[in-house]
Amino acid sequence: MHLHLDALSLLFLGILLPQVVAGAMAGMRDSVTFWVFVLGMGLALAAADAFTLVFGFELMSAASWLLVLRGDQKPATLYVGVAIFSAACLVPAVFLPAGPIAFLLIVLGAGAKAGLAPLHFWLPRAHPAPPAGVSALMSGGMVKVALYVIIRYAFVVLAPAAQPWWGGVLVVAGAASVLIGALRAMLETELKTMLACSTVEHVGLIAVGLGIALRAKAMGDGAMAGLGLEAALLCAVAHGLYKPLLFIGAGEVKHSVGTTSLNWLGGLVRGMPKLGLLMLGGAAGMAALPLGPGFAPEFILWHAAIAAAGTGGIIARIGFTALLVVLGLSAALALGAAVRMIGIGFLGRPRTLQAAAAEDARRWPLIGMALLAALCVPVALLPGLVLYALTPVILLLAPQADAPPLTYAPLSLAVLAGLVAVAAGFILHRYGVRGSREVPAWNGGFGKPPPWLPFGDPATQPSATGFAEPIARAIGRGLLAPGGADPAEAFLLTPLTRLHLRCVRVAERLRRATIRQRLAFIFAALVAFLLALGLGEGG
Amino acid sequence: MVLAFFLRLLATLLHVALTFALAPLVMGVVTTLRAWALGRRGPPVIQPYRDLYKMLRKATLVPDTATELFSAWPVACALSIAVAAMLVPGFCTGLLTAPLSDFITIMGLLALARAATMLGGLETGFGFGGAGAWREALYGVFAEGALLVVLLCFGLLAHGVTVDGIAVAFDTQHIGISVSLGFALAAMLAVALTETGRIPTDNPSGHLELAMVHEAMLLEYSGRNLLLLNYAAMLRLLLWMSLIGAIFLPFGMARATDILSWPGGLLLWLLKLAAMAVVLPLYEVSSAKMRVFRVPEFLGVAMLLGMLAGIFLFVAARIGA
Amino acid sequence: MSLTFPLAHLMGGIILVFAFSLLSQRRLAAMITIYQIQAFVLSAAAFWQGYAQHEVNLYLTGLITLVIKAILLPIGLRQIVLRFNMIRAVETAMPVVLSMIVGVGLIGVAVLVVLPSTMSAVSLTREDLAIALSVVLLGLMVMVTRRNALAQILGFLSTENGLVLAAIGMPGMPFVAEFSVALLVLLAFLVVGVFLFRIREHFDTLDLTGIEEIERRGR
Amino acid sequence: MILVAIFLPLLAALPLGLMGTPSQGALVNAVLSGIVFILTLVAFAAPGSGLVHADELGLVFGGVTGFTGLTTAVANIFYLREAEPRLSLRRWRVYHAMCQVVLGSTLLGLYADNIGLLWAAVEGATIAATLAVSMPRTPSALEAAWKYFILGGVGIGLALFGTMLVYLAAQPALGPGFSAMSFTALAAHAPGMDGSLLTLAFVLILFGYGTKAALVPLHGWLPDAYAEGPAPLTTSLSGPLLNVALIAILRFRHLLEANYASGGTALPPGPFLLTLGLASLFLAAFSFSRRRDARRFFGFSSIEHSGIAAFAFGVGGAAAIFGGLLHMLLHTLIKSALLQVLIRAAALRGSTAPGHYGFSHLRGLIHSNKYTALVLGAAMFALTGLPPSGLFASEFIIISQTIQRSPWASLPLGLGLLLCAIPILRNFGPLVFGHAPVRMKPSKATPETHLVTLHLALSVVLAFAMPPMLVGLLSHVAEALK
């Protein structure tokens, strides 16, 4: 076991650190498994040789599996299956000579662990299962470790053999993840599942950025490579901050209300104002809104995609055009998902008594969330500074990288907004009528609810399911499998399960063989071997 | 240098002042012309100013089911639209805000405004606001996809995606009239109609809550909150007009450092706005509002047109030309 | 010494023929008789090899074979048949004609496999080895095609005969192997006896169908 | 010393089978196993020479056999407390005698330099194990023993034939006599042997000892023997007996490989071993899913690991063989630990008789006793080869060697390992953390559970911080047998 830290490792360790602190604050401090999980991630990131890398990676998988198992046994098997699958791909890949097969195995193995389509189906099931502190670390940290493996191999270890189409593979997988992740995030009504789907989307964004950079690096285009890497790494940094925040928040909602199904929440800002504000900040990041932490990476990524569309053959160009459509659609879907989360879950009227009686989050998780939120501020307002700090990593990955300067200046925008706000505030204050009056909601003339329903009839509120239904109707039908299932589940997981079942049946038939039949197996195998031997020697 | 900076500052201030001042007027013109086209007399063109003033003087009511954030959404919406309006060049290019006027930033600010409006609609937790919000979310999905792919077309032609840069490039370089730009224009118009809440996707003068999109989200707002939201809607209309004007009708735009070109630029800008303010109501009265689930198809066509624009660009191999 | 190899061949051939007829026979009593004759021929072969190679060990092997396999074992087996009243045809799992065709095929395989070996400076010839291998395979074939436990044991014993046939042809092979074979047969019979009694206790028959029934229920 | 280690248990079997109460028998059994363990360690200093001597391979695996034998015998004392009323006095005596015979003949198999002696040892162990399996005298135990006897007997027969053919193949090089049956001599003269005959011999030996090693399709006896035999015996069946058979295959494989590599007419042994190894891996993978009895389940796991070791030998090369040997070593430790803790688990739930090891019966063990449950969980987890399990190291070596030497086989190997690990881990959750079947009261762990922990700890230490001496021994062996 050898350890070595370079800029890339340090960056990802840096991404990991605040999440670990926040996760520990969110109640995982005394769990040994949690710390083993962290240790595994740290080992994988700091590894100097393949064995340590795979060992750390597997330790991470194993520990997180235990944590998932303690939360919910059902998705644990699927989770561990995918984890071992990724191990089965990674272990050979690290030994193969640099070449396409090694790269594809790395993408398959680490991609499965990161939740890249079409191997993302486990993620929305497994990530919500464990306690919030672990979910946070899994969504914010573990997928990053998997992406780190992809980066480490695609850009450093296998770099001499890299070809432009390698980037294409990442872009296609990433685009599919972006679309399916955003769509499912829009449709899921369970808060943590929804967040996990959004993780799939963000992993996809990072992969798209990496793919563009990898392709550009192989084509010798320094500017585009720089843009792609900036987008991917910045997205990794930002996502590593706001996603754990949201997951910890969801855990606190669970603790306070007893459920995280959006259809049973509502009006939580009243009972839990601090949590509500922090969640609002996180949601702004998730929706990639300007002045939030998530916008800068998306901004750079779109620029990179536009730049990439101007290079390569006609097929590649049309592909990148389609990619832009996908990115636009998904950005709006992510916005819808975030609005739905805040609007349905935290605003409006409580839908249950538990939601009405919710009390604010516990102190330590709140402090953890606040820490993450505070770290979001520089990413949100000073992305240029963060990018400057990322420069060594980018130069390590693509020495020729030379990205154009960032044209998104959130601080200036904030100043402009501040000026307008001051002016508008002055006008409203000077000429307007001050103060406000609380009245029953007008509600199109329906008037005040009856006294036995203090928050009105919950059924008259828009529900999370109802909010998403039109989108399911307009887009979901085309992209999802019949019945609204994830296409990867319907067209990959289900057939594989069926195949496995068939093999199991054959094995069972063999197992039920009588003694005589078992003897017959031996005998047949012996004769077959002898025949092969005779023919082999005769020939 | 100092002089140039001073001129740019002046132009920026002028642009901001004009934009903020003219926004209600444009809305008034459109409304009046639309009434005329329908054979009615219509309100005077300064009616929006009166309405805004009226709202300023009215008490602000807050529903008892709303949360503390109720009044934050109008502010967020108005601020982001205002900032976006400051970024889009109006009568001249080279404003101080030009480096910030990245098309993607503007898209982001519009999305922020949209998110704030939607949250405002969901705030009180009643059906109409929610219905407006999901419709807005649905339309937004397609609109953003279409807009981003149109943007690709501009980016490839103009080698940059700041609105200012596009305007300068389209004005000075000889781009000519290409099929791609035609497709892009059609796509962008569809997005603009959706974003500003005009027919065929939404009816700004409708009064049936069940059919409303933008207005449905404002149902519970009153007083200064409503003022902010309505003013934001007016600004948004002007913003889109300026945007389309800057990109597709860039001729005659003044340069901020050249004070002599300002009057011509101003005149032309006003003319462009007027022309669009005439065309919009004429189009509106000649077509009908769509059912909700027809709108994705409408925007889907826009998206396709945007893609076609890009593909035609590739086929014509005009990149770098 | 010119008679050594032909006579050894002849006896090997006879053993093979009996192994083959074991495959074709359905009745238990007849199978035991065939086995007994096979064992007699085997002991004769062992004596002949002992004479040819001047090896005392081989005489001993022949004696063990004669006493245990050719005399004691058949007596014991007949006792079992009588005690359990099993003088009836054994069910076969494969039509007899088909099993004989397969048996011919097995001999072909044995010959094919042995063909490339060189056999320099060895008193055991290629043909002897092929015969021994064929006997072993045919014995296994009997085990596979018979449903009755006793018939399977007979197949097993026939296989052992094939092994001994191979062993006595090995030049100067230390006694270890032969001792082990005898031990195996003895112990095997002991264990089988134990089993037969126990299986009798539980299933009322020596037919393996009782066990097959348990197996089908699955676990 | 070595002779003492072998014959002490063999000779002690007689008095053990004839006299003493069960608890006395268990005690003597444990003491004898302790002595044998010490003797196997002493063998490192005095490996002996001649017909029976401990080469490096024998030393390492003899030590492991002695160790597991000792822990099994100690655990047996505790097992007896619970299980004593179930069997008659006579059967307990035979049972303890058979335990000693299995131990002695296993050691003989490991230390024998003579191929005939090896064969005799395996035969003796088979017969003793058969008798022991039939001990509970239930219909299913008898059936399992009968199955074991028939399949094992056929295997023994084939192995004998193979052994004789090896002798015959060695004639051109070594001539008649004892030397043609000595591994040392055979290995030295492998290039001069008759390659074709040697290949035929190897196939027969592969089938013969493969039956003992439970490679598919020769595995038929194993799951039932595991599930129906007396519980502590399963431990001996799982580890040491499989090892003897696999090591025998490895030694013969070396002869074939050496002949092939030096231009002889032998065929390379790789394809045969790879086929059987992969067949074992996949059959085990698909048979796991529907198992309801834990011991039968782990029986299939033994088939899987035996297949992995065979696969590693098939891959060839010093590193792969090192990996395979390490895998066997660690698997022995882990599997015997697992089976022992399974007995404790069943005891916590009332009875250790066969048939009381159903998953539904044992599930939610953590509610009965936390320590036992966690140790059981750790052992199950270790079996999957995920880190920090020691098997991770060995499987890592094997996979990396496979990629270098026969890349096409690495894909099915990876797939098989994947398919095998998933069902084990799927049962992990309910078994350890699930809901207990009835209202189970927490009870105390018995002290011999620490032995299991010791096993597991040892397996991790051996994998990741192996003493240099052991590394030297194993790599020397692997180099010699490549």
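A residue is called buried here if 20 or more other C-beta atoms lie within 10 Å of its own, and with that cut-off in hand, select chain D of this predicted model, where buried residues make up 70% of the 482 residues.

Keep the whole of chain D on screen and show it as a cartoon: the chain has 19 helices and zero strands. If you draw a box along the principal axes, the C-alpha atoms of chain D fill roughly 70 × 50 × 45 Å. The radius of gyration of chain D is 21 Å, which agrees with a compact globule, because a globule of 482 residues would have a value near 23 Å.

Next, select Pro85(D), which you will find in the loop between helix H3 (56-83) and helix H4 (89-111) of chain D. Is Pro85(D) buried or exposed? Pro85(D) is exposed, because 7 other C-beta atoms lie within 10 Å, and the cut-off for an exposed residue is 12 or fewer.

Now move to chain C and colour by pLDDT, where the mean for the chain is 76 and 72% of the residues reach 70 or more. Within chain C, select residues 201-206, over which the pLDDT is below 50, although this stretch has 11 contacts in the model beyond near neighbours in sequence.

Finally, show chains A and B together and select the residues in contact, which are 68 from chain B and 67 from chain A. On the side of chain B that touches chain A, the elements that give two or more residues include helix H2 (47-57), strand E1 (60-63), helix H3 (72-87) and helix H5 (127-158) of chain B. Which element gives the most to this side of chain B? It is H5(B), with 19 residues. Colouring this side of chain B by residue class will show 43 nonpolar, 15 polar and 10 charged residues.

The last stop is strand E1 of chain A, residues 436-439, which is joined to E1(B) by four bridges, the two strands running parallel. To place one of these bridges, select Ser436(A) together with Thr60(B), its bridge partner in E1(B).

Note on methods:
Residues are numbered from 1 along each chain as its sequence is written. Chains are lettered from A and ligands numbered from 1 in the order in which they are written. This is a predicted model: local features need pLDDT of at least 70, side-chain atom pairs count only at pLDDT 80 or more; totals for chains, interfaces and linings use all residues. The radius of gyration is taken over C-alpha atoms; the globule rule is 2.2 Å times the number of residues to the power 0.38. pLDDT is the predictor's confidence in each residue, from 0 to 100. Two residues are in contact if their C-beta atoms, placed from the backbone, lie within 7 Å. Ala, Val, Leu, Ile, Met, Phe, Trp, Tyr, Cys and Pro count as nonpolar, Asp, Glu, Lys and Arg as charged, and the others, Gly among them, as polar. Two strands pair if DSSP finds at least two bridges between them.
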